[in-house]
Structure formats: C-alpha cells, structure tokens
Amino acid sequence: MKTSYLHTGLRLTLDNEQYRIIRIIENGIVTLERSNDLALIQRTKTELLSLLTTGKLSFIDGSSHPNNKQKETISGGLLRFSEKEQSLILKRYHYIQHVISQLGDKPTRKNLKEAISQLPEAVHQGKPPSDMTLYRWWKRWVDSGNDINSLALRNHSPDRIKISKFGPSFEKLYLQVIDNIYLTREGNSIQNTYDELCSQITRFNQINLEQINIPCRATFYAMLRQFDQYEVMSAREGKRAAENHFRAVGNGVITKFILERAEIDHTILDIMVINEKTGLAEGRPTLTFILDVQSRMPLGVYIGFEPPSELSVMRALRSAILPKDFIKQDYPDIENGWPAYGIPSTLVCDNGLEFHSKQLRRMCAELNIELIFCPKQQPHYKGHVERFFGTLNRQVCHRLSGTTFSNIRARGDYESEKLASITLTELQGIIYHWLIDIYCQSPHKGLESIPAIEWQNGLKQIEPLLPESKKILISF
C-alpha cells in the first residue's frame with residue numbers, strides 16, 4: 001500500500017480527471033494542473049482532504065516528485081495476494097521489524113546471524129531464514145521506500161518500487177547537504193533537509209550533462225535513518241545531550257514530531273446511557289481512543305457498546321487517519337475544527353487479543369505502522385492515554401446524570417440506572433464538544449502548552465501521510 005502527502009509535484013485523480021499539484025501557497029491555496037489540457041484550477045488543502053475522505057480524490061502512485069520515474073499505478077495492497085502469500089509477506093516483515101529493533105536501520109550479515117538466533121520462537125514460526133536471505137529482504141524493503149509489497153515473491157510483485165542507483169555525484173551532494181543542513185545545531189527539520197537536497201540536485205542538473213534522479217521523500221527518510229542515532233544527536237544537540245540520553249534511557253521514548261508515536265487503549269466510560277426508543281438504561285459504553293504523544297491531540301475515537309474488539313480498534317484507527325470533516329456537518333455548535341489526521345509511525349498498545357488480530361497486523365504492515373506492545377504489567381508504557389481517560393471521566397462523565405463515578409465509595413447510594421438520561425448519540429456529541437472546544441484548546445500540564453497549538457506547530461515540520469485512496473480503508 002502506498003502513502004503520500006499534499007506537496008508540489010504530487011499527481012492525483014480528482015473526479016476521474018488526472019491533475020498535478022504545481023503550487024501550494026502558505027495560506028493553503030493549492031494550484032492544480034489538469035493533465036489532458038494543462039488547465040489550472042485552485043482548491044484549498046482543506047477541500048482536497050475532504051475530497052479524499054469522501055473518495056472523490058486519490059493519489060497516483062509514483063508521483064512523489066516530478067523527476068521520480070516509478071510506475072504510476074495504484075497498488076492493491078496485501079488483499080490482492082492469497083492468504084498464504086499474505087502470511088509469507090507478514091512473516092518477512094516481522095523479521096525485519098525485530099532485526100531493526102535490535103540492530104538499528106543498518107544491519108550487516110555479520111551481526112544478523114546472532115540477531116536471528118536471539119529472536120523469540122513466536123517470530124520464527126518454522127525454520128528461520130539465513131543471514132543472507134534476511135539481509136536481502138531488508139534491502140528490498142529499504143530500497144522500496146519501506147513498501148511491504150516489496151517483500152512478496154518476485155513474480156507476484158508487479159508494483160514493487162525500483163529505486164535507481166543514484167551514483168557518486170548524488171552521494172557527494174547528499175553527504176554535503178546532510179553535513180551542512182541536518183547535522184547542525186540549528187535543528188533544521190528533515191523536510192528542510194530534503195527540500196535543500198532537491199534544490200541542489202535541480203541546480204546540478206541544469207548545468208551538467210549528467211542528470212541525477214531526485215529520490216522520493218520516503219526513500220530519503222529511509223536513507224537518513226541509516227545514520228547512527230548517537231552521532232546524529234551529538235551533531236544536532238551536543239555530545240553531552242547524546243550521552244545523557246543514551247545512558248539514561250537507552251532506547252526510551254522521546255518524540256520530536258507529531259504522528260511519530262500514538263497510543264491506543266479502551267476504557268468503559270463512567271456513565272450509564274439510555275436507549276433512544278425505550279428510555280431504559282442500556283449500559284456503559286466503551287471508548288476506544290488514539291492519542292498523539294507529541295502534541296497530546298486526540299487522533300481517533302470510537303464509542304460503542306461492544307467490548308474491546310478488532311472492530312472497535314479498526315474503526316478508531318480509521319478515525320485517526322482520515323480528516324474529521326464530519327464534525328462541522330454533524331455538530332454545528334462546536335466552535336473549533338479538529339485538524340488532527342494522518343498515519344502514525346508507531347502505534348503503542350497493550351497485549352489484548354484485539355491488538356494481535358490478523359486484520360490489524362495486515363493493515364499496520366501495509367501502512368508501515370509499527371505496532372509496539374507494552375511489556376506485561378507495565379501500563380505506564382502508554383501512560384499518556386491512560387491519564388487522558390482519567391481526565392475525560394472526571395471532567396465529563398462524572399458531571400452527567402447517570403454517572404457511575406470511578407468507584408463504589410464515590411458513588412455511595414447514587415442510583416445511576418434510574419437517573420440516567422443521556423443516549424449514546426447525545427454522549428458522543430458531548431464528548432466531541434469537550435475534546436475539540438475544551439481539551440484541545442486548554443493548557444496541558446505535561447506540554448506546558450495547548451494541544452491544538454502544538455499540532456499546528458508540528459504541521460510546520462511535517463505533512464501528515466495519508467493512504468493513496470479512501471478505498472484502502474474500506475475493510476475497516
């Protein structure tokens with residue numbers, strides 16, 4: 001499955017016509033050029049995201065940059081493979097993820113053999129691969145821009161991305177830009193570094209007969225991740241900061257970008273709701289919630305009566321990824337927008353069966369979302385979302401008629417079922433209103449800032465990734 005983001009050079013299909021984005025102005029106005037007659041139209045970024053949500057817009061694969069010569073076709077994702085082939089691809093993907101977690105983004109044949117021997121039995125699921133075989137899988141995955149389809153059998157992977165050999169001239173420019181832009185104390189973002197590399201290559205191509213292909217953004221990110229992270233932090237933040245970080249927290253959690261890490265969990269809300277038709281108490285609904293760690297912005301929400309399940313997880317993930325245009329239509333009284341959307345890099349969850357479902361693992365693999373499972377009996381591993389649940393219950397549920405409070409002692413002789421007066425639909429509206437107009441707009445103690453402001457600041461560093469089409473998420 002391919003992902004992309006709104007940027008100059010992106011090719012897309014809009015109302016069955018092909019366009020290319022030729023300009024994005026700072027105020028969010030996007031100029032598109034129609035492929036068949038070069039006619040120009042303008043849309044706002046908000047309008048384009050809304051069209052993606054409704055299925056009227058889709059990205060064309062291979063269009064990350066005008067000089068990108070990848071095949072322009074929309075991938076069918078893993079669903080186009082048989083169940084046996086899907087199982088094989090996911091097995092290879094899990095091997096790669098485990099190796100990267102141990103050896104970083106640049107394993108070698110020498111240390112792969114030892115890494116394979118140390119992998120748990122649950123990963124092997126049969127005879128483990130040789131070090132050379134695993135290295136080849138890893139190389140194909142990196143060269144494809146981390147596209148899981150590259151791990152399919154060669155004759156079953158027609159849409160596999162082929163990254164050209166850039167050559168010595170590219171390597172010289174690349175290392176020069178990394179040294180002068182990224183590995184500096186100014187803290188330039190990855191996007192700024194990529195933009196400078198594109199600019200340098202463009203200038204090189206204008207004055208030289210030799211032409212250098214500009215790598216797509218995903219390939220550039222994969223190349224950048226191969227640098228030793230200690231050396232990167234030393235160059236960008238100083239040797240003392242790097243030593244303190246790696247000595248104190250090892251591979252601990254430090255986020256620098258929105259959508260870098262998201263946490264997901266369920267909670268049974270402390271409120272009894274009634275049936276819309278009978279008016280009788282129907283029970284306590286379950287909330288499945290996804291939180292962005294960097295900004296503390298809510299990403300995805302699903303509220304229903306079914307217990308924690310694959311269905312609730314997948315619906316919350318779909319809610320997290322897609323723009324939230326329905327808020328303005330369904331809840332006109334809500335004053336602010338809900339700007340959070342995009343594919344998170346990692347999704348942290350507990351060890352519930354619903355998080356180990358085949359459907360979730362397949363979708364996360366296709367979207368290149370790394371699933372991280374909390375160590376047993378360590379709920380603090382995803383403490384941000386745990387603390388959020390306490391805030392939600394205290395500020396919303398405990399103030400509504402029919403609350404069950406947080407424990408029996410607090411409830412006393414309060415008869416929650418008899419006093420319940422809110423339907424599930426009404427509760428959803430109340431929670432959305434609190435999330436968007438109160439929680440997102442209020443100072444957060446852990447941030448010393450406001451979540452909505454932190455999200456907007458984060459958008460200045462990265463553009464959220466999206467699936468190539470809404471059709472990709474139909475299986476949710």
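Predicted model: local features only at pLDDT ≥ 70, side-chain atom pairs only at ≥ 80, totals over all residues.
Spanning residues 190-207, helix 7 packs against helix 8, residues 217-224, with the two axes coming within 11 Å and crossing at roughly 115°. That angle makes helix 7 roughly perpendicular to helix 8, and the crossing between them is right-handed. On the helix 7 side, the contact is built from Ile-190, Gln-191, Thr-193, Tyr-194 and Leu-197, which meet Arg-217, Phe-220, Tyr-221 and Leu-224 of helix 8. Sorted by class, this contact of helix 7 with helix 8 comes to six nonpolar, two polar and one charged residues.

From helix 6 come Ser-169, Phe-170, Leu-173, Tyr-174, Val-177, Ile-178, Ile-181 and Tyr-182; helix 7 answers with Ile-190, Thr-193, Glu-196, Leu-197, Gln-200, Ile-201 and Phe-204. In this contact of helix 6 with helix 7, eleven residues are nonpolar, three are polar and one is charged. Ile-190, Thr-193 and Leu-197 of helix 7 turn up in the contact with helix 8 and again in the contact with helix 6.

Helix 7 has a part in the second largest pocket too. This pocket has a volume of about 1300 Å³ and a lining of 38 residues, with Lys-45, Leu-49, Tyr-341, Leu-459 and Glu-463 lying nearest its centre. Helix 7 gives the largest share of that lining, five residues. Helices that each supply at least two lining residues include helix 1 (45-54), helix 12 (326-330) and helix 18 (451-459), along with helix 7. By class, the pocket lining holds 15 nonpolar, 15 polar and eight charged residues.

Helix 14 (residues 383-395) and helix 17 (residues 424-439) have axes that come within 12 Å and cross at roughly 110°, so helix 14 runs roughly perpendicular to helix 17. Phe-388, Thr-391, Leu-392 and Gln-395 of helix 14 meet Ile-431, Trp-434, Leu-435 and Tyr-439 of helix 17. Six residues of this contact between helix 14 and helix 17 are nonpolar and two are polar, with no charged residues.

Conventions. Residues numbered from 1 in each chain as written. Heavy atoms only, no water. Axes fitted to C-alpha atoms, helices over the stretch in contact; angles between N-to-C directions. Helix = DSSP H or I, 4+ residues; strand = E, 2+ residues; numbered from the N terminus. Parallel < 35°, antiparallel > 145°, perpendicular 65-115°, else oblique. Left-handed = near helix turned anticlockwise from the far one by under 90°. Contact = heavy atoms within 4.5 Å. Nonpolar A, V, L, I, M, F, W, Y, C, P; charged D, E, K, R; others polar. 1 Å grid on protein atoms, 1.4 Å probe; cavity = no way out; pocket = protein on both sides within 12 Å on 5 of 7 lines; lining within 4 Å. Points joined across faces, edges and corners; volume = space filled by probe spheres on them.
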